[in-house]
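Hi,

Here is the model I promised to pass on. Have a look at it first, and my notes follow below.

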Amino acid sequence: MEEGMELIDENGKFNVDGLQDFVTATEFAQSGPSYAIVAIIGSQSSGKSTLMNQIFHTKFKEMDAYNGRSQTTKGIWIAKCSDIDPFTIVMDFEGTDSNQRGEEDAAFERQSTLLALEIADVVLINMWCKDIGLEHAASRPLLKTVFQVIKRSSKQPKKTLLFVIRDHTKTPLERLKKIIFEDIEKIWDAVPEPETTILYEFFNVEITALPSYEFQEVEFKEQVAQLRQQFVHSTCPGGLVGDRKKVKSASFSIYAEDIWKTIKENKDLDLPSIKVMVATFRCEAIAEEKLKCFTSNKVL
């Protein structure tokens, strides 16, 4: 099961039978409360699958750099890590901001990100060091969407957001941490309601950095091994999953399918792109202007 199973295809179809077979084969239900689910999100071709394989010894398909930088993971894949205690399930998500989907087909990105935040106990946010401070490459629009939904839910269990900075440069890590913390706090505060909620009531935020896998492979693997240790005994108090209150291993198949259906049917998640928003606003303005002219002429 390290090779992974396609949970949701690129068209958003949920693999009901496949997940049931996966749960049965891995004996997920027998893990009881001693389990962890880890997901990873980030831009296309940012090395998400490679990172998951290195940390969890899975075998997700990786991009072949010699054939160019293109979409490798399509949809959402799930695999079991065979040699970490507790029982750990990892999820590899299709990269965001891809040329294949384009600007007009970003609904799947938002929907899959919300699925990650709902199902996973730990969400890795994979980002290049050079992209910190950017908009789409740093996943800011997706975080805004997630925060909008999270703020409406008073019963949301606490999650861990683990930012993984790739190809760390000379900028001190503490400086990068400060920038990321300030950025996500601004995104959270920009969501209007309810204003009294605090980001850290909903999330534990961790930030780590890794050297280049391509040019510093030995150092990269050494630091990944250290990162891997954070997932050992992760459900113990103080661990990455130590704050989890909700237990759902026995009904994971039904739970995951139901969550995806709910996300897909939620019209609030189909937020229009900027172009559509501008066009809609302009059309409304023109219509209002014409209506005023018509009314004025009628009165005269």
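Before the notes, a word on naming: helices (H or I, at least four residues) and strands (E, at least two) are DSSP runs, numbered from the N terminus. This is a predicted model, so local features need pLDDT of at least 70 and side-chain atom pairs count only at pLDDT 80 or more, while totals for chains, interfaces and linings use all residues. Residues are numbered from 1 along each chain as its sequence is written, and side-chain values use heavy atoms, with hydrogens and water left out.

Let me start with the inside. A cavity here is a set of points, on a 1 Å grid over the protein atoms alone, where a 1.4 Å probe fits but cannot get out; lining residues have an atom within 4 Å of a point. Points are joined across faces, edges and corners, and a volume is the space filled by probe spheres set on the points. That gives three cavities of 30 Å³ or more.

The second largest cavity holds about 40 Å³ of space. Which element gives the largest share of its lining? That is helix 4, with four residues. Helix 3 (107–119), strand 5 (122–128) and helix 4 (140–152) each put in at least two. Among the lining residues are Ile-41, Leu-161 and Phe-203, along with Thr-113, Leu-117, Val-146 and Phe-147. By class, the lining has 10 nonpolar residues, one polar and no charged (Ala, Val, Leu, Ile, Met, Phe, Trp, Tyr, Cys and Pro count as nonpolar, Asp, Glu, Lys and Arg as charged, and the others, Gly among them, as polar).

Now the helix packing. Axes are lines fitted to C-alpha atoms, for helices over the stretch in contact, and angles run from 0 to 180 degrees between N-to-C directions. Angles under 35 degrees count as roughly parallel, over 145 as roughly antiparallel, 65 to 115 as roughly perpendicular and the rest as oblique. Contact means heavy atoms within 4.5 Å. A crossing is right-handed if the near helix is turned clockwise from the far one by less than a right angle, and left-handed if anticlockwise.

- Helix 3 and helix 4: the angle is about 55° and the axes are 10 Å apart, so the two are oblique to each other. Glu-109, Arg-110, Thr-113, Leu-114 and Leu-117 of helix 3 meet Leu-142, Thr-145, Val-146 and Val-149 of helix 4. These contact residues are five nonpolar, two polar and two charged.
- Helix 4 and helix 5 (residues 173–190): the angle is about 50°, with axes 9 Å apart, and the crossing is right-handed. On the helix 4 side the contact includes Arg-140, Leu-143 and Phe-147, and on the helix 5 side it includes Asp-183 and Trp-188. Its residues split into six nonpolar, no polar and four charged.
- Helix 2 (residues 48–56) and helix 7 (residues 217–229): here the angle is about 65° and the axes are 8 Å apart, so this pair is roughly perpendicular. Helix 2 passes helix 7 in a right-handed crossing.

Two backbone spots to check as well. Most residues other than glycine have a negative phi, and most peptide bonds are trans. His-57, in the loop between helix 2 and strand 3, has a positive phi near 60°. Asp-85 and Pro-86 are joined by a cis peptide bond with omega about 15°, and Pro-86 is in the loop between strand 3 (76–81) and strand 4 (87–93).

Cheers

Definitions and conventions
On a 1 Å grid over the protein atoms alone, a cavity is a set of points where a 1.4 Å probe fits but cannot get out, and a pocket is an open set with protein on both sides within 12 Å along at least five of seven lines; lining residues have an atom within 4 Å of a point.
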